[in-house]
Amino acid sequence: MKTYRIACIPGDGIGKEVVPAGETVLRALSEAGAGFRFEFTSFDWGGDYYRRHGKMMPDDGLDALRSMDAILFGSAGDPDIPDHITLWGLRLKICQGFDQYANVRPTRILPGIDAPLKRCTPADLDWVIVRENSEGEYSGVGGRAHQGHPIEVATDVSMMTRAGVERILRFAFRLAQSRPRRQLTVVTKSNAQRHAMVMWDEIAVQVSREFPDVAWDKELVDACTARMVNRPASLDTLVATNLHADILSDLAAALAGSLGIAPTGNIDPERRYPSMFEPIHGSAFDIMGQGLANPVGTFWSCVMLLEHLGEQEAASRLMRVIESVTADTGLHTRDLGGTARTAQVTEAVCRRLRS
Ligand code: ATP
Ligand code: MG
C-alpha cells in the first residue's frame with residue numbers, strides 16, 4: 001500500500017492543538033479504507049524551541065523535511081518573541097527554502113456558516129486567491145540607517161523579478177483554467193506603484209495569450225476590497241502580490257464566516273520540494289490550551305494536501321464530511337458562535353469518515 005511521509009510542524013499557540021487534530025483526521029481517513037497510509041513525523045520547532053536553542057528551527061531543519069511528501073503546519077507566533085523572528089525563522093524559512101512560490105487560498109461559505117454578507121448566498125462566494133509567496137513586499141530587502149536618531153531612514157524594498165512574476169501569473173492562469181468559470185482577476189496597484197506593478201500588468205497581458213480560454217480582468221487592490229463585499233459573484237480566481245493577497249485573503253476569510261475555517265497551501269508547483277499546508281489563522285494565544293480552537297481550517301488544509309498528493313477521491317470525501325460537520329451548528333466552535341470543542345469536532349469528522 002502506498003505510504004505518504006508527512007511532516008507535522010504544530011509550531012506555536014493553537015497550532016499545537018489543530019495540527020494533531022489534522023493528523024488524527026488523516027489517520028482516520030487512511031484507516032477508513034482510502035487505499036493509502038501515512039507516516040507522520042513531528043517536529044517541535046517554534047517559540048519553545050527558540051527559548052531553548054536561540055532559533056526557531058535547527059540550521060539543518062530543511063534537510064529533515066526535504067524527503068517528505070508534504071508538510072502540515074500550524075502557526076508561528078509567540079507573545080514573547082518579535083513577530084519578524086518567529087515568521088522569518090520558521091514559516092518563511094521553509095516557504096523560501098523550498099521555493100513554495102504559490103500560496104493558494106480557497107474561500108467558500110461552507111454549509112451552516114453564518115457569514116456576514118447578508119445579500120450573498122454561498123453560490124456567490126467561491127474564490128481562490130493566489131498569493132505570490134517568494135518576493136515582492138516580503139522579499140526581506142531593505143534596511144535601516146541612523147537607527148534611533150531623528151534622521152533615521154528605513155526601507156522595505158518590494159522586489160519583483162520578471163521570472164517571479166511570470167511564474168506566479170502562469171500558475172494563476174492555469175488554476176483559473178482548471179475551474180468551471182475559467183475566470184481570473186489580476187490585482188495590482190499599478191496606478192500608484194509605478195514600476196513593479198506596471199511590470200505585472202505587462203506580464204499579465206503577455207501570459208494571458210497562452211490562455212485564450214480564460215476570461216481575465218485587471219483590478220486595483222483597493223477597488224478589489226470593495227468589489228469583494230459588493231459584487232462577490234463577479235470574482236472567481238484572483239492573483240495578487242505577497243502583501244496585497246495577504247490582506248485580501250484575511251478579508252476573504254472573514255467574509256466566509258471565520259478566520260478559523262480558512263485553509264492554505266504553500267505550493268512548489270514544480271514539485272522539486274515538499275509543499276506545505278496550513279490554516280491561515282495564527283497562533284491565537286488568547287484561546288490556546290483551552291480546547292476552543294476551530295480545527296476546520298486545518299482539516300480543509302488536509303483536503304488541499306490530499307489533492308496535492310493526487311488523492312482526489314479521498315480529498316472529496318474529507319471535504320464532504322467537513323461540510324456535513326459545519327452544517328451541524330451543534331458542532332460549531334466558539335468563533336462560529338457555538339460551544340463545541342476542538343476534540344468534539346475532530347471526533348465527529350473521524351466518526352463520519354468511518355461510517
Ligand atoms: P499570530 O500573531 O500568530 O498571527 P494572532 O494572535 O494574531 O496570532 P490569529 O490567529 O491571527 O491570532 O487570529 C486572531 C483571533 O481570531 C484570535 O485571537 C482568535 O481569537 C481568533 N481565531 C483565530 N483562529 C481561530 C481558530 N482556529 N479557532 C477559534 N478562534 C480563532
Ligand atoms: Mg494574526
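**Figure 1. The loop between β6 and β7, with H146.** In this predicted model, H146 lies in the loop that runs between β6 (142-145) and β7 (153-156). The phi angle of H146 is positive, near 55°, although the residue is not a glycine. H146 has 10 C-beta neighbours inside 10 Å and therefore counts as exposed, the limit for that class being 12 or fewer.

**Figure 2. The loop between β11 and β12, with R271.** R271 belongs to the loop between β11 (263-267) and β12 (275-279). Its phi is near 60°, again a positive value in a residue other than glycine. Around R271, 9 other C-beta atoms are found within 10 Å, so this residue is exposed.

**Figure 3. Helix α1 and the glycine that follows.** Helix α1 comprises 17 residues, numbered 15-31. From its first C-alpha to its last, α1 reaches 24 Å, which is close to the 24 Å expected at 1.5 Å a residue. The helix is mostly covered, with 12 of its 17 residues buried. Among the buried residues of α1 are G15, E17, V18, V19, P20 and A21. Others that are buried in α1 include the charged residue E23, as well as V25, L26, A28 and L29. After α1 comes G33, with a positive phi near 85°.

Figure 4. Helix α7 spans residues 221-230, and V221, C224 and M228 in it are buried. Viewed down the axis of α7, these buried residues fall within an arc of 40°, and they therefore line one face of the helix. An α-helix has 3.6 residues a turn, so residues three or four places apart point the same way. Turned away from the buried side of α7 is a face that carries the exposed residues A223, A226 and N230. The cover over the buried residues of α7 includes the strands β8 (183-188), β9 (215-220) and β10 (237-240). Helix α8 (242-255) also forms part of this cover.

**Figure 5. The residues around ligand 1.** Around ligand 1 there are 17 residues. Those that come nearest to the ligand are G77, G260, H281, G282 and N294. By class, this shell consists of nine polar, six nonpolar and two charged residues.

Definitions and conventions
Residues numbered from 1 in each chain as written. Chains lettered and ligands numbered in written order. Predicted model: local features only at pLDDT ≥ 70, side-chain atom pairs only at ≥ 80, totals over all residues. Near = placed C-beta within 6 Å. Buried ≥ 20, exposed ≤ 12 C-beta atoms within 10 Å, placed from the backbone. Helix = DSSP H or I, 4+ residues; strand = E, 2+ residues; numbered from the N terminus. Arc of directions from axis to C-beta. Contact = placed C-beta atoms within 7 Å. Expected span 1.5 Å × (residues − 1).
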